[in-house]
Amino acid sequence: MIQLIRGFKDILPDETETWRYIENMAIALFQSFGFKEIRLPIVEKAELFQRSIGEHTDIVEKEMYTFVGSKEQLITLRPEATASVVRSYIQQKLYAQEPIQKLYTIGPMFRRERPQKGRYRQFYQINAEVFGIASPYIDAQLIFMLWTFFERLGISGLSVQLNSLGCPACRPAFKEALSSHLASKTGKLCADCIRRQDKNPMRVLDCKVPSCQEVIGDAPSMKDYLCDECARHFDAVQSALGLQGIPFVLNSRLVRGLDYYSRTAFEIQTNALGAQNAIAGGGRYDMLVKMLGGPAQPAIGFAIGLDRLVSLVMQGKYEKELTPDIFIAALGEETREKTFEWSCALSVAGIRTEIDFSGKSLKALMKRANRINAANVLIVGSQEIEAGAVVLRNMATKEQVTIPIDGMVNHIKKHLAS
Ligand code: AMP
């Protein structure tokens, strides 16, 4: 038997309801905040990610699925969506129609990471990106929107981790201070961090290796290096979050794994998923549009990890919605035509209907109705058809009512609504 590749997974019908439920909730909420959908290819030129995410990041150094396309071009399965959205904003000149664009997109990302619970090589994200707004209120509004989304899904035990990564005016001094701190403790750093120390010292800050954590413990903090403008921006984000009653924790070690961030960086973490505790993350990337050849437009966005969110929601009380409203137990060959017609009519009327054509006994059919969690069973034998009325049994209360065949769809609709 050919099996799927390690780090990849099938999303089975049991789960897809939850996926769709979450996606629909996100879409409805994001639209009410002014977002529109954008759909983009899952492959892009490798260069797009190398230039945006940064050469010296884990993603670009070791996690991208890159292959040679036509004309020797290096092509990459997208490891994240922001770079593609920015590419499209520039290439399609969306900024010329209207510089302020609020876009969301949902789809798979690919990273060759070490597979483990909550970490896959193909995983799914819901991304939201805002272009053209520099105001700190939009940072707070995005975080508020995320928080509201998780609240609506009934998820608790969440925290918002918040940091500012400064800007090109103030970050170099911080990087220098950090580098000299790290240089004085090189002996304690892991092999990865020794490498990062020169090329990308900020990445050392989120290393999980215990000896590195020790070094990081007394490392300098970006907040002490923020220039006036960055400090004002960061303060304003915090007050706006306070106004909306969003609890947040300042976390000076939160750097996120991608180079393009500036100023606000945030992550939503849960205490319910073990090691892979981040369910969403994002931040500002005010320099990226220009860096990729577009106009100087500020931007900010986030990505929600759908795989992890689905497992959280499935752990919770969320009840599956898509079980059948009606299961038609058709008894005997003579009922086949009529019940076939009714099942089509009920489905068309928006009633989730399942029918069994196997010709099994009533007992066997009731068993199957139970197994698939049907709310009601419509029992139809030739006697019922002759009498012009069928029996509808509520599987939870065991209550049975008689439904006239004439105008049945409407009768059933009314009955279900009551
Ligand atoms: P990032 O693009 O790394 O900022 O990730 C944003 C969110 O995507 C994270 O908070 C995770 O929830 C999710 N995520 C990132 N990488 C993976 C992965 N390999 N498997 C599953 N979810 C992931």
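Leaving aside its neighbours within four places in sequence, Phe30 is in contact (heavy atoms within 4.5 Å) with Phe35, Tyr104, Ile126, Ala128, Met145, Phe302 and Ile304. This is a predicted model, where local features need pLDDT of at least 70 and side-chain atom pairs count only at pLDDT 80 or more, while totals for chains, interfaces and linings use all residues. Residues are numbered from 1 along each chain as its sequence is written, and side-chain values use heavy atoms, leaving out hydrogens and water.

**Nonpolar cores**
- A nonpolar core is a set of buried Ala, Val, Leu, Ile, Met, Phe, Trp, Tyr and Cys residues joined through side-chain atoms within 4.5 Å; buried means under 20% relative accessible area with a 1.4 Å probe, protein chains only.
- The largest one has 92 residues, and Phe30, Phe149, Phe150, Ile304 and Leu309 have the most contacts inside it.
- Helix H6 (residues 136–152) gives the most to this core, with 9 residues.
- Another core lies apart from it, with 14 residues, including Trp342 and Leu346.

**Helix H7**
- Helices (H or I, at least four residues) and strands (E, at least two) are DSSP runs, numbered from the N terminus.
- The buried residues of H7 are Arg171, Phe174, Ala177, Leu178, His181 and Leu182.
- Seen down the axis of H7, these residues fall within an arc of 135° (taken from the directions from the helix axis to the C-beta atoms), so they line one face of the helix.
- They pack against helix H8 (191–199), helix H9 (210–217) and strand E9 (262–270).

**Domains**
- An automatic or database domain assignment gives domain 1 (13–170 + 226–315) and domain 2 (326–417).
- The C-alpha centres of domain 1 and domain 2 lie 47 Å apart.

Methods
Buried means under 20% relative accessible area, exposed over 50%, partly exposed in between (1.4 Å probe, protein chains only).
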